[in-house]
Amino acid sequence: MAHPSQLGFQDAASPVMEELLHFHDHALMIVFLISTFVLYIIVAMVTTKLTNKFILDSQEIEIIWTLLPAIILILIALPSLRILYLMDEINDPHLTIKAMGHQWYWSYEYTDYEDLGFDSYMIPTQDLAPGQFRLLEADHRMVVPVESPIRVLISAEDVLHSWAVPSLGVKMDAVPGRLNQTAFIASRPGIFYGQCSEICGANHSFMPIVVEAVPLEHFENWSSLMLEDA
């Protein structure tokens, strides 16, 4: 999860998030080089009294500064389109979970099971156990198996919400009357935190998302216990 004064992204916990981090570094490097080049030209123009008529009026220069930005845009657009299609690809999910946004909590329904569903509320500050994070912990976590394609169906019952977990590279709007879907693969066990990323009302900042990725055997034990309690 994020820590104070962190400037970059959270550590990737899914293949898609790893691709997003690589694309971010790729685009940032291009922006850095362009900014450095433009700054150099500005400083050179301000500090020198010399002019070159072949630069001020040159067909070759016109061609270069028309083609070069086009090439740079292609270098940014192609990786971006690749990731866009990767994020939209949902092949043979092993598990489907329906996440429904309410004011102001999430409810989860494991549609592959008959009676496996629960509500997930934020734990109040006074009830937190030592080591738990304020405004991020939920009383019931969304538990998923690692290294398995998970499909999440997302909607809302009242107003706009947004189901987002940065470490997994997932962010999808929850729209009343509409069913959106996204997918992710948790590449390692862990607990990953997110929050509603849509301004959905007075308690908008009090509906956290907690995804716990566990080995398949542990997930089967958890689902059995939840079904017994139901």
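Helices (H or I, at least four residues) and strands (E, at least two) are DSSP runs, numbered from the N terminus. The model is predicted: local features need pLDDT of at least 70, side-chain atom pairs count only at pLDDT 80 or more, and totals for chains, interfaces and linings use all residues. Residues are numbered from 1 along each chain as its sequence is written, and side-chain values use heavy atoms, without hydrogens and water.

Start with Tyr-40, which is found in helix H1. Tyr-40 is exposed, at a relative accessible area of 58% (exposed means over 50%, with a 1.4 Å probe and protein chains only).

Next, select Ser-5, in the segment before H1. Ser-5 is not a glycine, yet its phi is positive, about 65°. Its relative accessibility is 72%, so Ser-5 counts as exposed.

Move on to Asp-92, in the loop between H3 and S1. Here too phi is positive in a residue other than glycine, near 50°. Asp-92 counts as exposed, at 62% relative accessibility.

Finish at Trp-104, in the loop between strand S1 (95–102) and strand S2 (105–110). Show the backbone: the peptide bond from Gln-103 to Trp-104 is cis, with omega near -5°.

How values were computed: Buried < 20%, exposed > 50% of the residue type's maximum accessible area, 1.4 Å probe, protein only.
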